[in-house]
Structures are given as C-alpha cells and as structure tokens.
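Biologist: Please take one part of this model and go through it closely. I would like to follow it residue by residue, with its neighbours.

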Amino acid sequence: MQHALSNYTQKNNVNVSLNNNNNVNVSQSIKEADRIADWLEEKLCSPQSRPFYCKVAYSLNEPKIHQLLATAQERTKTTPARYFTFLANLEMNKNCG
C-alpha cells in the first residue's frame, strides 16, 4: 500500500522536516498519519479530501483531531466534512502563527 502522505508530499512539492532533537521514526509517523487519514476519510465520507486529511494528521495531534471531528459532527448547518476542514484549517493556522 502506498502512503498517501508520501504521495501528497511528492505531488505538492512539500518538504517534511523534523527537528534533530526529536527521536521520531519518519516511516512510523507516515504510517500513523496514513492511519488517521483513513479514519477521517471513513468518518467524514469524503475520499476526495484525503490529501488534506493527511496534512491534518501530520500537523495536529490525535486528541485535537478527535476533538475537531466531534465538534464538526455536532454541527447541523453544514456537512461535517466541510466544517471539519474549516476547523482544522483554523487550528493549523493557529499553530503556524
């Protein structure tokens, strides 16, 4: 099985860099991001959003993703997938600034 995050980074010319102080196994991180993206894709019924879910899975911690998903699923005025995308973008932008 190909890793969607790897495909995303190659197609979109994204560089994934890790701080040398982190003892992070990149392969394991990609597998975890792939697992979370699979889960989000299934929960939100939005396979076209898989590249974004990979980005979310790699950018945010899993408890935060669960929190955002729960909030998105409670929302009734828009689809959960659309609201999750909005919330995740807000959170990722907050982490960058």
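**From a loop to the last helix**

Modeller: C45 sits in the loop between α2 (26-44) and α3 (50-59). Helices here are DSSP runs of H or I with at least four residues, strands are E runs of at least two, and both are numbered from the N terminus. The model is predicted, so local features need pLDDT of at least 70 and side-chain atom pairs pLDDT 80 or more, while totals for chains, interfaces and linings use all residues. Residues are numbered from 1 along each chain as its sequence is written, and side-chain values use heavy atoms, with hydrogens and water left out.

C45 has a relative accessibility of 65%, so this residue counts as exposed. The cut-offs are under 20% relative accessible area for buried, over 50% for exposed, and partly exposed in between, with a 1.4 Å probe and protein chains only. The backbone deserves a look too. C45 is not a glycine, yet its phi is positive, at about 50 degrees. Most residues other than glycine have a negative phi.

A81 is one of the buried residues of α5. E41 has a relative accessible area of 21%, so E41 is partly exposed. Beyond its neighbours within four places in sequence, E41 is in contact (heavy atoms within 4.5 Å) with S46, P47, R50 and Y53.

Next comes P80, in helix α5. P80 is partly exposed because its relative accessibility is 31%. P80 and L44 are 36 residues apart in sequence, but their C-alpha atoms are 6.5 Å apart. Setting aside residues up to four places away in sequence, P80 touches L44, A72 and Q73.

Now α5 itself. This helix covers residues 80-96, which is 17 residues. At 1.5 Å a residue they should span 24 Å, and the end C-alpha atoms are 24 Å apart, so the two agree. The expected span is 1.5 Å times one less than the number of residues. Its buried residues are A81, Y83, F84, L87, A88, E91 and M92. Down the axis of α5 these fall within an arc of 165 degrees, so they line one face of the helix. The arc is taken over directions from the helix axis to the C-beta atoms. The face turned away from this buried side carries the exposed residues R82, N93 and C96.

What packs against α5? Take α4 first. The axes of α4 (residues 62-74) and α5 come within 8 Å and cross at roughly 140 degrees. Axes are lines fitted to C-alpha atoms, for helices over the stretch in contact, and angles run from 0 to 180 degrees between N-to-C directions. The pair is therefore oblique. Under 35 degrees counts as roughly parallel, over 145 as roughly antiparallel, 65 to 115 as roughly perpendicular, and the rest as oblique. The contact joins K64, I65, L68, L69, T71, A72 and Q73 of α4 to P80, Y83, F84, L87, A88 and E91 of α5. The crossing of α4 and α5 is right-handed. The near helix is turned clockwise from the far one by less than a right angle in a right-handed crossing, and anticlockwise in a left-handed one.

I65, L68, L69 and A72 are the buried residues of α4. They cover an arc of only 100 degrees around the axis, which puts them on the same side of α4. P63 and E74 are exposed on the other side.

Then α3. The axes of α3 and α5 come within 11 Å and cross at roughly 40 degrees. That makes α3 oblique to α5 as well. Here the crossing is left-handed. F52, Y53, K55, V56 and S59 of α3 meet A81, F84, T85, A88, N89, M92 and N95 of α5.

Last, the whole chain. The protein chain has five helices and zero strands. Buried residues make up 33% of its 97 residues. Of its contacts with a separation of 6 or more, 60% link residues 24 or more positions apart.
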